[in-house]
Amino acid sequence: MAKTPKEMIDDVITREGDYVNHPADRGGPTRFGITQALARKNGYKGDMRVFPRGSAFDIYWRQFVTATGIDLLAKRSPELAAEALDTGVNMGAPWGVMFLQRALNAFNEGGKLWPDLAKIDGNYGSKSDAALAAYLAHPRRGRIDVLLAAMNALQGERYIGIAERNGSQEAFVYGWLLNRVAIAA
């Protein structure tokens, strides 16, 4: 059964888990996947060990779902929306939608099947929606699993690049690939 964006956020919060503060994690103290810096940016001043779940939900809704258009994407494809949200939570809000936009451009046969998305901006708006609709309606395309695989390939490549550029992040790359890339493959 397809999930709503609110159910997707609940899944993310569950997957992200409670408080962590790994010394190599560039995000620092984190609870429910919300970093201390992001919590502070949203007005939270307390200890991250007691950061409220409801506050995490609100941040995800405003900054990861509505700000990136994942709520609109979920109307077209809940599966792609869930992947874009999960990727955005782990990499930064726009990344999941950016990977979708890049894949749609790569699958359009040089703009012959639908117009290129001129801006890979992480905002799923009317142009991205039209491109996805054209992809899904195409008789030889339209497979969500292939689009998910493309998004995961881009995500996996970025994780490897992060670890290559910063050896301290090697502590996380296996888990990122196992829990973020392999789950949707």
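## Phe32 and the loop between E1 and E2

Phe32 is located in the loop that links strand E1 (30–31) to strand E2 (34–35); strands (E, at least two residues) and helices (H or I, at least four) are DSSP runs, numbered from the N terminus. Its phi is near 60 degrees, a positive value in a residue other than glycine. With a relative accessibility of 9%, Phe32 counts as buried (buried is under 20% relative accessible area, exposed over 50% and partly exposed in between, with a 1.4 Å probe and protein chains only).

## Basis of the values

The model is predicted: local features need pLDDT of at least 70, side-chain atom pairs count only at pLDDT 80 or more, and totals for chains, interfaces and linings use all residues. Residues are numbered from 1 along each chain as its sequence is written, and side-chain values use heavy atoms, with hydrogens and water left out.

## The loop between H6 and H7

Asn108 lies in the loop between helix H6 (95–106) and helix H7 (126–137). This residue counts as buried because its relative accessibility is 0%. A polar atom of the Asn108 side chain lies 3.1 Å from the backbone oxygen of Trp114. The side chains of Asn108 and Asp116 are joined by a polar contact of 2.8 Å (a pair of N or O atoms within 3.5 Å; within protein, one must be able to donate a hydrogen and the other to accept it, and residues adjacent in sequence count only if both atoms are side-chain atoms). Neighbours within four places in sequence aside, Asn108 is in contact with Leu113, Trp114, Pro115 and Asp116, where contact means heavy atoms within 4.5 Å.

Glu109 is placed in the loop between H6 and H7. Although Glu109 is not a glycine, its phi is positive, at about 50 degrees. Its relative accessibility of 32% makes Glu109 partly exposed.

## Arg102 on helix H6

Arg102 belongs to helix H6 and, at 42% relative accessibility, counts as partly exposed. Not counting residues up to four places away in sequence, Arg102 touches Ile120 and Leu154.

## Helix H5

Helix H5 (residues 78–91) has 14 residues, and the distance of 20 Å between its end C-alpha atoms agrees with the 20 Å it should span at 1.5 Å a residue; the expected span is 1.5 Å times one less than the number of residues. Since 11 of its 14 residues are buried, H5 is largely enclosed by the rest of the structure. Among these buried residues are Leu80, Glu83, Leu85, Asp86 and Met91. Gly92, which follows H5, has a positive phi near 125 degrees.

## Nonpolar core

The largest nonpolar core holds 52 residues, of which Phe51, Tyr60, Leu85, Leu104 and Leu147 touch the most other members. Helix H8 (residues 144–165) supplies the largest share of this core, eight residues. Such a core is a set of buried Ala, Val, Leu, Ile, Met, Phe, Trp, Tyr and Cys residues joined through side-chain atoms within 4.5 Å. Apart from residues up to four places away in sequence, Leu147 touches Leu80, Leu100, Ala103, Leu104, Phe107, Leu132 and Tyr135.

## Packing of H8 and H9

H8 and helix H9 (residues 170–181) pack at an angle of about 175 degrees, with their axes 9 Å apart. Axes are lines fitted to C-alpha atoms, for helices over the stretch in contact, and angles run from 0 to 180 degrees between N-to-C directions. H8 and H9 are therefore roughly antiparallel to each other (over 145 degrees; under 35 is roughly parallel, 65 to 115 roughly perpendicular and the rest oblique). The contact involves residues of H8 including Asn152, Tyr159 and Ile160, and residues of H9 including Val173, Trp176 and Arg180.
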